[in-house]
Amino acid sequence: MKHRSAIPPAAKLKTAILPAPRDDGSETAQVATAKPVILSEASRLSLSRRILARRVAQSKDPFSLSALTAVFSSASSAPPPAAHSHLRKLLVSALAFCLLGCKSETPAPANAAQPPFMSAVAGSAPQDQAPAPETTDGFDGAKAYAQVVKQLSFGPRPAGSPELAKLQDYLESELKSYGCAVETDSFSADTPAGRLPMKNILVKIPGAKPGIILVGTHYDTKRLPDFVGADDGGSSTAVMLEAARQLCKAPGKYAVWIAFFDAEEAVNKEWKDPDNRYGSRQMAAKLAASDDLPKVKAFLLVDLVGGKNIIFARNAESTKWLVDLVWKTAGNLGYGSIFVKEQLGASDDHLSFTARNVPSVDIIDLNHTAVYWHTPQDTIDKISPKSLAIVGHVVLESVKQLQQK
Ligand SMILES: [Zn+2]
């Protein structure tokens, strides 16, 4: 992850903020061009959003009034007057969202005697235990939790690392053990750390009619010292593994493809195009070249979904009708207090598909995860089997809804 924004941008403002991703096929991951840094108005605002991410990450109270006010002050010097009122609205919305759901979390103290991924593996408190799988469409939150633990056993897993190669082997063998048909795409990309080998993994469940429902996650972790990404990379990969175990058993009207993207994370500290989304840009370009892309009816992305106090705001960069479908589905399942109506911005792998006009939605909690996001504290003790089960349930039911369209 992900460049984050507290701002629910109006379409106009969003255009001003987000640099247009060069996702037109000329920019498959093999081509990365360094661009001179020009601090334009838009990039100054973008910078202030990244400052927000950092400040919030460092704050014990994400979206605290002081953090937001500071960011608002720094951001408000950048945009033109028309955007200024959007920012004001955004500030109000973000504060309202905070009042609804912000909780203060204290990062767990590091245990110097153990490697970070082994700290607090002991298990979950009763309130975090997964519900019985028969109440969540067969999705087993305890199994998903075990898949997070398994990923952490490989250690930090940045793109191009031997540890990630071990996870790739594990994902392939695990998916095949569910009876899933698995395709892989090995490629390499020029990054700020040099040319790195990468691999996308794609499960293809056939359908009776033309049309593809795509769901996905990134499985790499951010290149930071001692960073194991229990939530950022681990949780959503676990949800997709467990969803695959269910979905591969029961093909439907339309094909369901489950994507495991490599290298969502920026190699540099900052998440700045084109240093991010290497895997999803590669897959989107490949699907476009093979004429499969127009068959994709919807793309459902999950990321940072395993926290103990998950609340999902509607992602501002997602496709409205698809957000509506997923949020309505979640509400009907009784998760209306988790999938809330407030809106937040977050850039993620879905941008590789929205750039090519594929309806896309990102289910992501960048609010309550901010205290440990991209820090060595993103460890297994932050993960709730119950949260994994809720998200898995919503994914499976949303796929069912899309199968009926
Ligand atoms: Zn990340």
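**An open sheet and the helix across its edge**

Six strands form an open sheet of mixed pairing, in the order S2-S3-S5-S4-S6-S9. Strands and helices are DSSP runs, numbered from the N terminus (strands: E, at least two residues; helices: H or I, at least four). Two strands count as paired if DSSP finds at least two bridges between them. Strand S2 (182–191) and strand S9 (360–364) stand at the edges; each has a single partner strand, so one side of each lacks a neighbour in the sheet. On average, neighbouring strands of this sheet are turned by 20° against each other, direction ignored.

The model is predicted: local features need pLDDT of at least 70 and side-chain atom pairs count only at pLDDT 80 or more, while totals for chains, interfaces and linings use all residues. Residue numbers start from 1 along each chain as its sequence is written.

Within the sheet, strand S4 (residues 209–218) and strand S6 (residues 296–303) pair in the parallel sense over five bridges. Here isoleucine 213 stands opposite alanine 298 in S6. Helix H6 (residues 162–177) packs on the sheet and touches S2, strand S3 (194–205) and strand S5 (254–261). Contact requires C-beta atoms, placed from the backbone, to lie within 7 Å. The direction of H6 makes about 10° with that of S3. Axes are lines fitted to C-alpha atoms, for helices over the stretch in contact, and angles between N-to-C directions run from 0 to 180 degrees.

Helix H9 (residues 320–332) lies across S6 and S9, at about 45° to S9. With S7 and S8, H9 makes a right-handed β-α-β unit. Strand S7 (residues 312–315) and strand S8 (residues 339–346) pair in the parallel sense over three bridges. Arginine 314 stands opposite glutamine 343 in S8.

The buried residues of H9 are Leu322, Val323, Val326, Trp327, Thr329 and Ala330. A residue is buried if 20 or more other C-beta atoms lie within 10 Å of its own, and exposed if 12 or fewer do; in between, it is partly exposed. Seen down the axis of H9, the buried residues fall within an arc of 155°, so they line one face of the helix. Their cover includes S6, S7, S8, S9 and helix H11 (385–403). The face of H9 turned away from the buried side carries the exposed residues Lys320, Trp321, Asp324 and Asn332. After H9 comes glycine 334, with a positive phi near 95°.

Note on methods
Two residues are in contact if their C-beta atoms, placed from the backbone, lie within 7 Å. A crossover is right-handed if, with the strands pointing away from the viewer, the path from the first strand over the helix to the second runs clockwise. The arc is that of the directions from the helix axis to the C-beta atoms.
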